[in-house]
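I am opening a notebook on a structure that is new to me. The entries below follow the order in which I looked things up.

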2 protein chains.
Amino acid sequence: MTTAAPAKPARRTPLPRNAARNSAEARIVRSIGEAIADRRLPPGTKLTEESLAEAFGVSRERVRKVLLLLAQRRVVTLIPNRGAFVAKPTPKEAREVFEARRVIERAIMDRLERLPRPLPDDMLEKLRDHGALEDAAERAADRKAMIRLSGQFHLLLAEFAGNATLAGILTDLIDRSSLAIAAFERRSSHTCSADDHRRLIAALIGNRPGEATTLMIEHLDEVERQLDLETKTDTRIDLKAIFADEPEPA
Amino acid sequence: MTTAAPAKPARRTPLPRNAARNSAEARIVRSIGEAIADRRLPPGTKLTEESLAEAFGVSRERVRKVLLLLAQRRVVTLIPNRGAFVAKPTPKEAREVFEARRVIERAIMDRLERLPRPLPDDMLEKLRDHGALEDAAERAADRKAMIRLSGQFHLLLAEFAGNATLAGILTDLIDRSSLAIAAFERRSSHTCSADDHRRLIAALIGNRPGEATTLMIEHLDEVERQLDLETKTDTRIDLKAIFADEPEPA
DNA sequence: GCCTCCAGAATTGTGCACAATCGGCTCGGT
DNA sequence: ACCGAGCCGATTGTGCACAATTCTGGAGGC
């Protein structure tokens, strides 16, 4: 019935319209988000509206909107009349974020393990492709790419689990854990163990019951364990402490 | 040009400043959120900026900001150049939200059951107080109060679990499940079974291992099961269907 | 010497005016 | 009478100007 209209000329405009405008803001959000994740914008950095507006070539109100969005995702902190800062999570918040990730990603792995085998071809293909990308980034020692790919890997699994809502929640949590890593990473850490991901992929394909889930939990535990959530480096007094033992150069 | 103002008498105000301003926005968000949850604003309702601005006695840009926040929480849908609408979840999204709630609330119940016994007095007190409130609302057949209290109950448990991040995520999910209920509730449904909550409280205090968790999952299953997620009432064509059998009045 | 207080500058917050866009309505053609 | 085109009212989107607040540097008093 409704399928008629074979020869209907394109009455409406092809409407590439608002998509462009809208994605411009989304693009800025992603751009800033990635910059925060890979530490080009370390926690605590002041994000001046004017500077960002200039950097992205947009008006200040656009930036303002973007910052509001990022603040909602707890990636930046908005202090009234003071401005926007890259969020600096507390150790407590960092622990909470990782715990939340364990809760959600365990659920995701459960669902993935219950998928009928063998896994669909496109899924296998995407897993292998992603593995190759991570390998390449590791060989190239491309730290930024590894961070980005690591997040994408977890997100990819969430997609496969088929629950977009959980995936959306996880997106935020991944951003926030990147932030936590940036804030609390120890000096000598190898972090993003692409090896963990490799094993996870293998376990997922192999389908030994529970193994992939266990690996995921251990993986998240390991990442969290590599953080230094004990020594209290909070507030801004640490700056004074750092330079306290330096003699006056005069 | 502008300010004459060479004389500056009481230059400073007693500063009831941003705290009031800031919470004003939060208040509007809560207000609209509650209105959506208890169905004063059914899914699909157009939220005109001007009307809301007038209703809350604030400027349009304030409303605009609030709508952006609510859109981020998926409680309203923002259509470019068309405006804001109370979100109308799809059956798929409704299922996803409930699945996400099961994932998170199971984790919360796990943690609550692992709490050392007996539970702290303030926790017991709050549980009992809340139970009394729900009983009262049920006796008074105060539907709106029951909906609000039901959400608060789940949030209360999340608080007790001590993970503010998970609690925050759950806050959004509860709002969204309220929406799902508003969108898909069957005509003859008793819904918010305060009885479930009563049993949950008892199980939690009694601490028979796993019982509270099981009750919670069954509770969420039951709420979801009361929804009609099968019959496809999507799109706007249902309006035509509704009036299809009505004869022309002239 | 140190603390307090106070301009000046820089930055954020907000109202307003206008531009852009959409849906509905009317009108003219077939 | 139906269909499409085009205008109009209403609503949303955006830039701008100005108000409010905070921060900085420095002068003055204790």
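Conventions. I noted that this is a predicted model, in which local features need pLDDT of at least 70, side-chain atom pairs count only at pLDDT 80 or more, and totals for chains, interfaces and linings use all residues. Residues are numbered from 1 along each chain as its sequence is written, chains are lettered from A and ligands numbered from 1 in the order in which they are written, and side-chain values use heavy atoms, with hydrogens and water left out.

I took helices (H or I, at least four residues) and strands (E, at least two) as DSSP runs, numbered from the N terminus. H197(B) is in helix α8, residues 194-206 of chain B. I placed H154(B) in helix α6, residues 143-161 of chain B. Is H154(B) buried or exposed? H154(B) counts as buried, at 2% relative accessibility.

I then listed contacts, meaning heavy atoms within 4.5 Å. Leaving aside neighbours within four places in sequence, H197(B) is in contact with E134(B), S150(B), F153(B), H154(B) and H219(B). On the same terms, the residues that H154(B) touches include R101(B), E105(B), H197(B) and H219(B).

For polar contacts I used pairs of N or O atoms within 3.5 Å; within protein, one must be able to donate a hydrogen and the other to accept it, and residues adjacent in sequence count only if both atoms are side-chain atoms. The side chain of H154(B) makes one of 3.2 Å with the side chain of R101(B). Another, of 2.8 Å, joins the side chains of H154(B) and E105(B).

I counted a residue as near if one of its heavy atoms lies within 4 Å of the strand. How many residues surround DNA strand D? There are 17, and the closest are S59(A), E61(A), R82(A), R60(B) and R64(B). Of the atoms of DNA strand D that come within 4 Å of the protein, 72% belong to sugar and phosphate.

An N or O atom in the side chain of R82(A) is 2.5 Å from a phosphate oxygen of DNA strand D. For E49(B), a polar backbone atom is 3.4 Å from a phosphate oxygen of DNA strand D.

The elements that each supply at least two residues of this surface are α3 (60-72) of chain A, and β1 (46-47) and α3 (60-72) of chain B.

Just after α2(B), G57(B) takes a positive phi of about 65°.

I counted two strands as paired if DSSP finds at least two bridges between them. Chain B has an open sheet of three strands in the order β1-β3-β2, with antiparallel pairing. β1 and β2 (76-79) stand at the edges with a single partner strand each, so one side of each is left without a neighbour in the sheet.

β2(B) pairs with β3(B), residues 83-86, over four bridges, and G83(B) is the bridge partner of I79(B). β1(B) pairs with β3(B) over two bridges, and A84(B) is the bridge partner of L47(B). In the hairpin of β2(B) and β3(B), three residues stand between the strands, and N81(B) takes a positive phi near 65°.

Terms used:
Buried means under 20% relative accessible area, exposed over 50%, partly exposed in between (1.4 Å probe, protein chains only).
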